[in-house]
Number of protein chains: 2
Amino acid sequence: MPSRTEDVDLLAAIGMVLSADVYSPIDTPPFDQSAVDGYAFSFSDWDQQSPLKIEGEIPAGHASHEKMKAHHTVRIFTGAPVPPGMETVVMQEKVEVHGKELHIKDPQLILGSNVRLKGSQTKAGTLALPKGHLLTPASISFLASLGIAIVQVYELPRVRIIVTGKELVLAGAILKAGMIYESNSAGLTAALKILGITPLSVEVIDDDERAIMRAINRTIDADILILTGGASVGDYDFVPSALEKCGVQKVFHKVKQKPGKPLYFGVENQTLIFGLPGNPAAVLSCFYQYIRPVIQRFAGKPHDPYFNLPLADAYKKKPGLTHFLKGKVEDGKVNILESQESYLMNSFAYANCLIELEEEKEVFVAGEMVKVLMIN
Amino acid sequence: MPSRTEDVDLLAAIGMVLSADVYSPIDTPPFDQSAVDGYAFSFSDWDQQSPLKIEGEIPAGHASHEKMKAHHTVRIFTGAPVPPGMETVVMQEKVEVHGKELHIKDPQLILGSNVRLKGSQTKAGTLALPKGHLLTPASISFLASLGIAIVQVYELPRVRIIVTGKELVLAGAILKAGMIYESNSAGLTAALKILGITPLSVEVIDDDERAIMRAINRTIDADILILTGGASVGDYDFVPSALEKCGVQKVFHKVKQKPGKPLYFGVENQTLIFGLPGNPAAVLSCFYQYIRPVIQRFAGKPHDPYFNLPLADAYKKKPGLTHFLKGKVEDGKVNILESQESYLMNSFAYANCLIELEEEKEVFVAGEMVKVLMIN
């Protein structure tokens with residue numbers, strides 16, 4: 001699987017993963033910086049008793065190059081550079097000022113108090129963030145503070161979608177007899193959007209082998225090609241044969257699972273091809289179980305973890321297939337939602353997880369630990 | 001706080017919350033639909049022994065209006081409409097076909113087998129999803145299957161950002177003496193982007209009361225106005241006074257917390273104004289603690305929950321302020337990261353949570369339960 005990288009604007013990189021170490025081009029703070037509003041002076045030059053003479057003022061953003069005089073102090077503000085020859089700042093709350101005289105009333109004060117030393121966050125040339133680091137808002141803020149405007153990250157995969165089915169009508173159109181509204185492209189596009197991906201193309205194609213072959217040939221440049229419908233072995237299931245005729249190498253076809261038994265997976269050059277069933281619940285279940293982890297791998301991210309959680313209620317199933325059930329995690333337990341059939345989406349709309357129930361096991365008791373994958 | 005609603009394209013609504021109940025305009029399935037590839041017939045018309053005569057074929061997407069003849073069966077495919085007068089489908093795996101004769105070999109078969117009845121998922125006119133429902137990918141797929149193309153959702157708040165500070169330089173520019181790179185707008189913009197919000201404007205303004213007032217006056221149309229820097233009470237902290245002169249009504253100024261002690265909050269008409277400190281770590285800490293919950297309220301979403309988790313290591317702090325520490329939740333425990341000072345972002349970049357430590361408490365032992373807010 002290719003791990004392509006790209007240079008992107010720092011602000012566009014939120015949620016992406018660094019594909020190279022980032023070294024700091026500068027020291028931060030870039031200079032000895034006052035941490036408070038107060039008065040800067042030389043602690044070593046001070047007798048710890050006499051008042052100092054106030055001369056001048058350094059606000060934040062001020063460049064101070066002049067060497068200050070002995071026994072003098074300068075008014076300084078948070079973020080401002082501490083002038084050369086000085087190294088200590090006393091907070092304005094801990095002084096008394098009489099005319100131009102500063103009386104320091106801070107027994108805790110030591111050399112270097114209230115000064116953030118140059119390079120104390122990051123030193124120029126040192127590692128700021130490593131390859132593999134997920135760019136959170138705080139990471140973005142940190143890199144911005146180093147003056148970094150562009151970062152190298154793992155590219156997200158290019159995804160294309162082909163929805164097959166003669167019975168499909170687009171939302172907004174009139175539903176003629178025997179037809180249903182096409183919804184798989186909407187579900188997949190939404191699930192991809194959460195991962196930061198906009199599919200390069202979405203096509204709705206008839207159950208016609210030649211039409212499907214043409215669609216495959218124009219979309220095989222994707223990193224991930226997702227087809228829905230026609231994945232089984234019936235007279236009108238043209239997806240596996242069309243993929244074969246297009247030179248796709250089958251890796252597996254059919255999985256002992258429910259929903260999504262007809263799932264097909266193949267490769268052609270660098271393209272990964274997933275042939276999903278046509279039922280909307282099977283489509284999203286397969287997406288979360290098979291396609292999302294692949295996308296995360298492309299993006300340099302860890303997979304979403306599986307959790308072991310107790311079942312809220314008992315459940316029975318037939319042996320022979322692994323079941324992926326729509327569930328809802330609440331208060332540390334996982335509830336199995338009603339309406340688990342693969343064509344029913346109304347309970348899936350309320351799910352926040354998929355529950356994996358073992359192939360051969362039939363009876364699950366309340367409180368039993370089961371494998372749970374959070375979704376959405 | 002206003003709860004504005006808007007009509008958006010279904011696909012643009014991912015992650016948003018319905019602001020009105022959605023009723024199904026149609027029955028789904030819209031017709032009695034075959035769940036398998038097989039043969040449709042009338043169970044009540046069949047003597048459960050004799051073969052049936054195969055006549056015709058109904059693929060998915062086919063409109064079948066003709067009444068079928070007695071003792072006849074029709075080849076049918078998954079998703080196709082079961083013709084009038086028939087109500088049962090036998091799977092193709094459970095028959096024998098001799099010429100035009102169909103011999104059914106399915107002792108389990110009952111009236112209505114393998115048929116998804118019209119309206120069995122959703123009936124026309126009934127509630128599909130309620131007001132307050134979060135639009136997940138499965139919700140989007142479900143609504144698309146009802147032919148719904150536009151949904152009414154809670155509008156996200158309009159946010160504007162004003163960053164103040166004479167010492168700030170934009171990334172890419174040369175860092176002159178006494179200056180630092182501006183990073184708060186990047187951190188805030190990234191944190192907003194995760195919530196689906198692009199700020200309407202981001203301005204960087206000098207520490208100058210009149211300039212800040214002008215900036216406030218041109219941004220006060222926002223739902224949420226975020227300012228950073230100049231929030232304290234020093235000679236160059238012009239934000240509170242500028243807000244007052246612009247007619248903003250102060251709700252509170254200063255919170256017994258670390259970081260973010262100078263936090264200001266005010267209102268003007270319907271606009272909520274947050275004056276954050278200038279230190280990057282304080283800015284993001286205040287964003288997650290104060291601003292994110294407000295945005296979630298606007299969007300009709302529940303707040304992110306607080307978790308109680310055990311501390312991985314002991315910790316000591318001074319009494320008098322609530323501390324919000326950068327932390328990392330791993331293996332069910334929460335670790336306190338190094339470098340907690342409010343100007344340090346390098347540890348924040350690794351944080352996945354903020355840990356809240358009580359105001360007066362000083363000693364925290366390993367394993368002690370603490371309040372944790374997940375971030376990013």
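**A walk through a predicted two-chain model**

Start with helix α1 of chain B, residues 137-145. Nine of its nine residues are buried, so the helix is largely enclosed by the rest of the structure. This is a predicted model.

Look along the helix. B:Pro137, B:Ala138 and B:Ser139 are among the buried residues. B:Ile140, B:Ser141 and B:Phe142 are buried too. B:Leu143, B:Ala144 and B:Ser145 are also on the buried list.

What do these buried residues pack against? Part of the answer lies in chain A: β15 (180-181), α2 (184-194) and α5 (280-298). The other part lies in chain B itself: β2 (22-23), β11 (127-129) and β12 (150-154). Just after α1 of chain B comes B:Gly147, with a positive phi of about 80°.

Now step back to the two chains. How many residues of chain B are in contact with chain A? There are 72, and they touch 72 residues of chain A. On the chain B side, α1, β15 (180-181), α2 (184-194) and α5 each supply at least two residues. By class, that side has 41 nonpolar, 23 polar and eight charged residues.

Turn to chain A and its layout. Chain A is divided into four parts: domain 1 (5-23 + 125-154), domain 2 (33-116), domain 3 (159-298) and domain 4 (306-374). The centres of domain 1 and domain 2 of chain A are 37 Å apart, taken over C-alpha atoms.

Back in chain B, find the open sheet. Six strands form this sheet, in the order β7-β4-β6-β5-β9-β8, with mixed pairing. Which strands of chain B sit at the edges? They are β7 (88-91) and β8 (95-98), and each pairs on one side only. From one strand to the next, the twist averages 40°.

Zoom in on one pair in chain B. Strand β4 (residues 38-41) and strand β6 (residues 72-76) pair in the antiparallel sense over three bridges. B:Tyr39 has B:Arg75 as its bridge partner in β6 of chain B.

Finish at a loop. B:Asp304 lies between α5 (280-298) and β22 (306-310) of chain B. Why is B:Asp304 classed as partly exposed? It has 13 other C-beta atoms within 10 Å, and a residue counts as exposed at 12 or fewer and as buried at 20 or more. Leaving aside neighbours within four places in sequence, B:Asp304 is in contact with B:Leu373 and B:Met374. B:Asp304 and B:Leu373 are 69 residues apart in sequence, yet 7.5 Å apart in space, C-alpha to C-alpha.

Key:
Residues numbered from 1 in each chain as written. Chains lettered and ligands numbered in written order. Predicted model: local features only at pLDDT ≥ 70, side-chain atom pairs only at ≥ 80, totals over all residues. Helix = DSSP H or I, 4+ residues; strand = E, 2+ residues; numbered from the N terminus. Contact = placed C-beta atoms within 7 Å. Domains from an automatic or database assignment. Nonpolar A, V, L, I, M, F, W, Y, C, P; charged D, E, K, R; others polar. Pairing = 2+ DSSP bridges. Axes fitted to C-alpha atoms, helices over the stretch in contact; angles between N-to-C directions.
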